[in-house]
Amino acid sequence: MKIKNYLSIIILIFLLFFSCSKNTERKKRVVIGIPADIETLNPLYTMNINEGRISELIYLGLVGHKWDENEGNVSSYPLIAKTLKWNTKHNALEVKLKDDVVWSDGEKLTTEDVVFSFDVYSDPEVQSRFFDMFDNYYLKSDKQIDLEKSFEVISKDSLIIHFRTSAANLFDVDMPLLPKHKFEGLKRSEYNTSQLNFQPVGTGPYKLKNWLRNEKIVLEKNKSSFLANKEMIDNLIFKVVPDYNSRLIQLKKGDIDFTDDVRPEDLVDLKKSENLETVIIKGRTYDYIGWSNIDQKLWNDKKIVRPHKLFGNPVIRKALTMAIDRKLIIDEFLNGAADLAVGPVSPIFKNFIDSEIKPLPYNPVKAKEILNGEGWKDTNGNGTLDKNGNEFEFVLNIPGNNPRRKYSANIIKENLKQIGIDVTVQPQEPNIFFNNMFGKKLEAWIAGWVVPIPIDLKPYWHSDLEKYFANCSGYQNKKVDELLEKLETGPDEKTQASIYKQIQRLIHKDQPVTFLFWINNITAYNKKIKNIAIDPLGSVQRCWEWRLD
Amino acid sequence: MKRGLLNILIKRIFTSLVLLILLTVFLFFLLRISPGDPAQKFVSPLLSHSLAEKVRASFGLNKPLTEQFIIFIKNLLSGNFGISYQYRMPVLDVIFSFLPFTLILASLSFLIQTGFGFYLSYITFRKNGGILDKLLSKISLVVYSVPSFVLALLLIYVFSVWLNILPSADLRSVDFEDLNFAGKFFDYVLHLLLPVLSLSIPGVIIYYKYLRENMDSENGKNYIAFLRSNGYDENTVIWKHIIPNAINPVISVAGIELGILLSGALITEVIFNLPGMGRLTINAILNRDFPLIIGCTFVSGVLIILVNFFADLIKYKIDKRMVEGI
């Protein structure tokens, strides 16, 4: 009897196990590994890279952007717009919408949605990520776009956007559009927490099928989109795998098909896998050592600018750069997958980079000579340089969660010790670190910037320290300010290139920070995915053009 | 006696509530004085500086601390923990979407730990000096010394990478929705096997060691010798006398262990990429999501107090003299 019971249970288990076949026909799908879950799909609030790239597959703007490898710059093309036509003064843009653009709930997109979207993006009550970024529009006193002056609606599919200046360009109109009929019933102060953050209605090639928090976001083909086509991949699954090593294991096993931010040290191993393809592109992210050019305490207490006792002098900063073996960090930690940086313009911007500027050589002997020439000598024989009774010693702060910066800090400490500078490396919890960095409370630190597309240097290098808080080192140069302001007047590309080159030369001369390196982006994906274009704009961009073998 | 117990129960519930409120209030002030800014992610060169100010204001963090505290207490008393900064949802909704998994993982692991721990100690006690007894006494220290993350990585290597028969991470497969009911069930089972094992194996050894030592200790006492000399059969001696006396201290340990498991098995959740309370709490701390941190702490506090309370009740059931201790 007992044996009979056991047998029955075993048979039942087998039956259950073999009945686990899928209910539906297997669809074409690609699984993309991402390191963290996103917080929202609402383009009003998408902050990080993954939120942006997923949301932009659901919501489209009037224009799209493509990377032009030959020009080394971005070019725009009409997306929801059918035609875009500037007037002769370049301060009004006539927009005609495509006829076949419908929201994923079946409603047709009209110019009302366009006007509504810009109104919402600029509304202070909404707190969108684009708030206070519409300087080229006619604005009200609270920085919201003045709709009457800025938008002239001609019909349901045609309107003219009037700008305050002729410096406007297509980046001023590229915000993802929002469905007015879905948002208008809600209080604007509650958009932030509304269900629309989790139930998006867009016009893009994909729509949200399922979102399991901290697990995955499943997008499915939006058949009503004008970008949808038969060959495109049915489902894109963004799978959250926080641990980097687990992502690689899953990529090799075929559990995920695509991941980026691969570390250079794993490249050799990944290349051995027959089913994987790896792509390396020049990056637009650089690491740098920040030197506080100004006395941070005096600035924070009284908003007075006075040169920092150690780093206020450009000659000293130049000596510090020359004393640091930046190439060693690239070779040892990044396996050579980076380029020495000489300024804030990435080599990907081929027309804007000044290729005549060469990196300062690693020359500790020369660096020490420069410091001695500035009066920094080891007078008391304790191995550390001093001047007027002050020792050349400082704290180098790093975010505690970044092994690359930790490694760099140790090399820098050793390098500077050789020329008589005493460095204490202090890791800080990232939130505290960035709070201190933006608050100008650090005297030296290692951090990095991602250069935006289109390139924008003003927030990082303009002398107005109260407005441009990202100028964390407190760098001030009137000539650089003039050039940055000139760029905002909308000069032609040739003039722009000349201005960018002048800025780079001035910054290179002043060495407000020590530029370390531009880090290459490494993407790995399964060879079954075809027609992938990976460029500085992003790897998942235009994935409706991907195909499966 | 029962009335006395009821009074004690009411007293215990009251003190637990006071403890929870004190914990929450302490945390409220601790978070306000600790460094870091919840609006940090809005402080970016690519975003307007005034946006960060507006967001900070909408979090209510620009108000005086006393005003923030009054609002917090009012909300707390009405069961409103606020909106999570990170998830843009009410805190309790966020927690209740993560809690079921933690409850399942913790319960499964707890049952395995206590069940196997008890079984092994009983078997080895009955066959003292047998092969299993010798083997366990040798390997228990090794297994106990291995950190759970090492064990987890070892299990992943053997079963996921080398043998390739079990998934290395996640709670479900990516095509989980396409499976039928039985398929979904097996999918869960396959995904939970390694996390439950890596979480439970060290616990089994802890319970085994603890209970076995207590049983040996009880076995050496005079009253056991007296019972045996009076001709009581071995089963009665073990089940009625040795085990009840040996298990009592273990129940306290079990209460604490279950409380810890219910607060989230952080390392297991991170390694196996599981959506549990541990990861939720840590992410809330790293993101300075103040309402969510308080919510997670409160719920964990409630669970720990409840579990310990039930552990005390079980101890009372075994030993009626314990009532004062409760």
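The contact between the two chains takes 42 residues from chain B and 43 residues from chain A, two residues being in contact if their C-beta atoms, placed from the backbone, lie within 7 Å. On the side of chain B that touches chain A, α2 (49-58), α7 (181-219) and α10 (266-271) of chain B each supply at least two residues, and α2(B) gives the most, with six residues; helices (H or I, at least four residues) and strands (E, at least two) are DSSP runs, numbered from the N terminus. This side of chain B divides into 20 nonpolar, 12 polar and 10 charged residues, where Ala, Val, Leu, Ile, Met, Phe, Trp, Tyr, Cys and Pro count as nonpolar, Asp, Glu, Lys and Arg as charged, and the others, Gly among them, as polar. The model is predicted, and local features need pLDDT of at least 70, side-chain atom pairs count only at pLDDT 80 or more, and totals for chains, interfaces and linings use all residues. Residues are numbered from 1 along each chain as its sequence is written, and chains are lettered from A and ligands numbered from 1 in the order in which they are written.

Chain B has 12 helices and zero strands, and its C-alpha trace spans about 85 × 60 × 40 Å along the principal axes. Of its 326 residues, 32% count as buried, a residue being buried if 20 or more other C-beta atoms lie within 10 Å of its own, exposed if 12 or fewer, and partly exposed in between, with C-beta atoms placed from the backbone. Among the contacts in chain B with a separation of 6 or more, 69% are accounted for by residues 24 or more positions apart.

Within chain B, helix α11 (residues 277-286) and helix α12 (residues 290-318) pack at an angle of about 145°, with their axes 8 Å apart; axes are lines fitted to C-alpha atoms, for helices over the stretch in contact, and angles run from 0 to 180 degrees between N-to-C directions. In this pair, M277(B), L280(B), T281(B), A284(B) and I285(B) of α11(B) meet L292(B), I293(B), C296(B) and S300(B) of α12(B), and by class the contact has seven nonpolar, two polar and no charged residues. A284(B) is also 9.7 Å from Y87(B), C-alpha to C-alpha, although the two are 197 residues apart in sequence. Y87(B) lies in the loop between α3 (65-77) and α4 (91-126) of chain B and is buried, with 27 other C-beta atoms within 10 Å. Leaving aside its neighbours within four places in sequence, Y87(B) is in contact with E39(A) and V94(B).

Chain A is divided into domain 1 (27-39 + 211-281 + 522-548), domain 2 (60-196) and domain 3 (283-521), with bounds that come from an automatic or database domain assignment. The centres of domain 1 and domain 3 of chain A, taken over C-alpha atoms, are separated by 35 Å, and their contact takes nine residues from domain 1 and eight residues from domain 3. β12 (276-291) and β19 (513-526) of chain A each supply at least two residues of the domain 1 side.
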